[in-house]
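Have a look at the sequence and the 3D view below. Then follow along with this short briefing.

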Amino acid sequence: MKKLRQAVDKLPLPENPGGLVYGTILIAALLSAESAKVETYWETLAGVALTEIIYWLALSYSEFAGDRAADGKPFTFSGFRRSAQHEFAVSEGALVPILVLVGCWIGGVGLHNGIRFSIWASAVMIVLAELVIGVRSNQHGRELAISAGLGVVFGLLVISLRLILH
């Protein structure tokens, strides 16, 4: 277990790992709603990327507004920038699924399958993120299995969303 912990400690993890998981779930949900019969790769990527950016900025702004309300402080651009940096993990969670989609596009894979592969990549990323977070939190045995199990449940939920919508 010590070697596993050392290997996991070398993996990159953002300051806000919850945002990473959240962003991965978000991108899978966005891709699940895409229709390969209507959209093209370009439209799908542009729509998903723009939605992800809007969501990141909205989340950053709302978190910053909540902090300001709790602290009684005025709006400052430096404060918003700090909030945006902290919440950027949401966009980082979209990176692997988007890269899978781009790879499928470059590789000539049809959009329907490219979306499916990206959703599966999202599901795998959710499970891996839960495992990394669990190991870094010194979870063992049953605790780690529960964390991984929750990742599997969320992964299956995003896969089932695609099946339900299409």
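**Starting from Thr44**

Leaving aside residues up to four places away in sequence, Thr44 touches Leu31, Glu34, Glu39, Leu101, Leu111 and Ile115; contact here means heavy atoms within 4.5 Å. This is a predicted model, where local features need pLDDT of at least 70, side-chain atom pairs count only at pLDDT 80 or more, and totals for chains, interfaces and linings use all residues. Residues are numbered from 1 along each chain as its sequence is written, and side-chain values use heavy atoms, with hydrogens and water left out.

- Thr44 sits in helix α3; helices are DSSP runs (H or I, at least four residues), numbered from the N terminus.
- Thr44 counts as buried because its relative accessibility is 0% (buried means under 20% relative accessible area, exposed over 50%, with a 1.4 Å probe and protein chains only).
- Among the residues that Leu101 touches, again beyond four places in sequence, are Thr44, Leu31, Tyr41 and Ser118.

**The nonpolar core**
- The largest nonpolar core has 20 residues, and Ile27, Leu31, Leu101 and Ile115 have the most contacts inside it.
- At least two residues of this core come from each of α2 (17-33), α3 (41-71), α6 (95-106), α7 (111-136) and α8 (141-165).
- Such a core is a set of buried Ala, Val, Leu, Ile, Met, Phe, Trp, Tyr and Cys residues joined through side-chain atoms within 4.5 Å.

- Helix α4 (residues 77-87) has Gly79, Phe80, Ser83, Ala84 and Glu87 buried.
- These residues lie on the same side of α4 because they cover an arc of only 135 degrees around the axis, taken from the directions from the helix axis to the C-beta atoms.
- Exposed Arg82 and Gln85 are on the face turned away from the buried side of α4.
- The cover over the buried residues of α4 includes α3 and α5 (89-92).
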